[in-house]
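Take a look at the model below. We will walk through its confidence, its disulfide and its salt bridges.

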Amino acid sequence: MASHPLTFSFFLISILIFSASSSSASFQPFIQLPTTTNDRKSHVDDDLYCSSWHLSIETNNAGSWAEIPSRCLSFVQDYMTGQRYISDSEIAANYSLAYASSVEIAPDGKDAWIFDVDETLLSNLPYYQAHGFGSETFDENTWNVWVDLAEAPAIPASLKLYNELKQMGFKLFVLTGRSENQRNATGKNLMFAGYTGWERLILRGPSDEGTLATVYKSERRSVLENEGYRIRGNSGDQWSDLLGFALAKRSFKLPNPMYYVG
């Protein structure tokens, strides 16, 4: 005798439901969504991350920053004591010299080039090697002791550029954020490192204390322009050396991943 179709269908559905319910606890989908994490940096190689961080601070994409990331201390140490820093400084100087060679020097002696001091003309690497390459909180007392020693060496590429510009006929101005009471030590250190023949060494006076570096340096450049100088070039390791007003025709940023001056 033939089975009734409705009875067979009900029986089949019951089997399927029972099978699904008994295996649901062990069911795993073929496609699984990735687990998310809030700490994406932990999956990025430190050297890769620090290289990108370095690019961001040198191009001013990072804006104001207070200290180097702890994971980048070894990166900064290796950079500052290795060939990469030397090469980057040389490339900056080469581009500066290429531009300077295109300037038509006027006979009136008013074509000027401005240099910063620290990490531009002079290297304070001996000081920062003893103080965590910028990872430690800045200590003005130990810094002042270092400045008074007047032993900071020249950055070789900058010394070569400085002398080339002097021979070409540029008037060289040294504009630093150091205080006026450090004039003697700064001048002594510059000459010790091989720099001579600057037109003027400009330091912060009492009225400049507390003024943002960008404002202070802009005001001093403005004074030079009012004296009739044409600021053809400006070299500095901080964006505050180069930005603001009374700008140079061309500005050249030297590398410095150790500290930021706003």
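What follows starts with confidence and then turns to links between parts of the chain.

This is a predicted model. The mean pLDDT of the protein chain is 88, and 83% of its residues reach 70 or more. Over residues 1-38, pLDDT stays under 50. For that stretch the model has one contact beyond four places in sequence.

Now the disulfide. The structure holds one. It joins cysteine 50 and cysteine 72, with sulfur atoms 2.1 Å apart. Cysteine 50 sits in helix H2 (residues 46-58), and cysteine 72 in the loop between H2 and helix H3. The two are 22 residues apart. The link is left-handed, with -95° about the S-S bond. Cysteine 50 is buried at 1% relative accessibility, and cysteine 72 is buried at 0%.

Salt bridges come next. The count is twelve. One of them pairs arginine 71 with aspartate 46, with the closest N and O atoms 2.8 Å apart. Arginine 71 lies in the loop between H2 and H3 and aspartate 46 in helix H2, so the pair ties together parts 25 residues apart in sequence. Arginine 71 is partly exposed at 24%, and aspartate 46 is partly exposed at 36%.

Another salt bridge joins aspartate 111 and arginine 232, at 2.8 Å from N to O. Aspartate 111 is in strand E1 and arginine 232 in strand E4, 121 residues apart. Aspartate 111 is buried, whereas arginine 232 is partly exposed.

Technical notes:
Residues are numbered from 1 along each chain as its sequence is written. This is a predicted model: local features need pLDDT of at least 70, side-chain atom pairs count only at pLDDT 80 or more; totals for chains, interfaces and linings use all residues. Side-chain values use heavy atoms; hydrogens and water are left out. A disulfide is a pair of cysteine sulfur atoms within 2.5 Å. Helices (H or I, at least four residues) and strands (E, at least two) are DSSP runs, numbered from the N terminus. Buried means under 20% relative accessible area, exposed over 50%, partly exposed in between (1.4 Å probe, protein chains only). pLDDT is the predictor's confidence in each residue, from 0 to 100. Contact means heavy atoms within 4.5 Å. A salt bridge is a side-chain nitrogen of Lys or Arg within 4 Å of a carboxyl oxygen of Asp or Glu.
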